[in-house]
Number of protein chains: 2
Amino acid sequence: MKSDALRGHLDALLLATLDGGQLHGYAIIEALQKRSGGALDLPTGTVYPALRRLETAGLVASEWSTVGGRQRRTYRLTKAGHRALAAERTAWREFTTAIEGVLGGGPWPAQA
Amino acid sequence: MKSDALRGHLDALLLATLDGGQLHGYAIIEALQKRSGGALDLPTGTVYPALRRLETAGLVASEWSTVGGRQRRTYRLTKAGHRALAAERTAWREFTTAIEGVLGGGPWPAQA
DNA sequence: CCTGATCCGTAGAGTCCCTACCTATGAAGT
DNA sequence: ACTTCATAGGTAGGGACTCTACGGATCAGG
């Protein structure tokens, strides 16, 4: 999987991952691996800055939860985050429709 | 449509557009608009450098065809370009499968 | 001759993700 | 006690790709 392909879709992935409940960063990465069937293996240098962006944008909120003396930052969706996720899902559908209109819109001799 | 979303998929779009036959740059842009239902409106500053990349990579070939005294550079797929297009289509399917596994892989109470 | 439409192309900037690296805690081995 | 591994969070810098804005050339119409 070309990593450039994720451009502009990362936010949607993170928001969707948090849709199931609050998670901390490391768990988000693992959840993405699981849900994508192993196709997505995002490095921390991708995920943490992205979560920051989302928090700055007000789409997620984070809290420090001290678990066993270890500090884990747990992220959850805000109301705006839920709305943004819905918008991202719609945008994804439109995006795939547009691309497939081109990819599949070539010469189809069998379909005529 | 966020333009960042196209990242990494532009090559596939161009190759697919040329799959129907040779076209010149301007016609490629118009074809993309038509096939995407108007969702894709790529500026020339995006398309021409991309075509160059594809030509450098050996996926497309171009020829100057003088039509009515006007020079138009016509692009067509090479053999490697056809192979690359097939690979891009496969990659696109894997990509959407991975993303949808996450976007749709949230809490589905109705599916259990 | 001059304007508008068509067509090709370049230069520079901006965004976004990745690689590489650093810090810290807790458990387990020696 | 000390080292190593696994877990967990984070930053710095770079590179690749696309977009905005602009420039040039040819033909049709007036």
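The surface near DNA strand C comprises six nonpolar, eleven polar and eight charged residues. In this classification Ala, Val, Leu, Ile, Met, Phe, Trp, Tyr, Cys and Pro count as nonpolar, Asp, Glu, Lys and Arg as charged, and the others, Gly among them, as polar. A residue is near a strand if one of its heavy atoms lies within 4 Å of it. The model is predicted: local features need pLDDT of at least 70 and side-chain atom pairs count only at pLDDT 80 or more, whereas totals for chains, interfaces and linings use all residues. Residues are numbered from 1 along each chain as its sequence is written, chains are lettered from A and ligands numbered from 1 in the order in which they are written, and side-chain values use heavy atoms, with hydrogens and water left out.

Of the 25 residues around DNA strand C, A:Arg7, A:Thr46, A:Arg53, A:Arg70 and B:Tyr26 come nearest. Sugar or phosphate accounts for 66% of the atoms of DNA strand C within 4 Å of the protein, and bases for the rest.

| Residue | Atom of DNA strand C | Distance |
|---|---|---|
| A:Arg53 | phosphate oxygen | 2.3 Å |
| B:Thr44 | base oxygen | 3.0 Å |
| B:Arg73 | phosphate oxygen | 2.7 Å |

Two or more residues of this surface come from each of α3 (44-56) of chain A and α2, α3 (44-56) and β3 (70-77) of chain B. The largest share, five residues, is that of β3(B). Helices (H or I, at least four residues) and strands (E, at least two) are DSSP runs, numbered from the N terminus.

Between the protein chains, 34 residues of chain B are in contact (heavy atoms within 4.5 Å) with 34 residues of chain A. The two chains bury about 2,900 Å² between them, 71% of it on carbon and sulfur atoms; buried area is the accessible area (1.4 Å probe) that two parts lose on being put together, summed over both. B:Trp92, B:Val102 and B:Leu103 supply 24% of the area that chain B buries against chain A, more than any other three residues.

Six residue pairs are in polar contact between chain B and chain A, both residues being at pLDDT 80 or more. On the side of chain B that touches chain A, α4(B) gives the most, with eleven residues. By class, that side has 16 nonpolar, ten polar and eight charged residues.

A:Asp19 lies in the loop between α1 (10-18) and β1 (23-24) of chain A and A:Arg89 in helix α4 (residues 79-103) of chain A, so the pair ties together parts that are 70 residues apart in sequence.

Chain B can be laid on chain A with an RMSD of 0.1 Å by a turn of 180 degrees and a shift of 0.0 Å along the axis. This is the relation of a two-fold axis. The superposition is by least squares on the C-alpha atoms of residues with pLDDT of at least 70 in both copies. The same surface serves both copies, as 100% of the contact residues of chain B recur in chain A.

Notes. A polar contact is a pair of N or O atoms within 3.5 Å; within protein, one must be able to donate a hydrogen and the other to accept it, and residues adjacent in sequence count only if both atoms are side-chain atoms.
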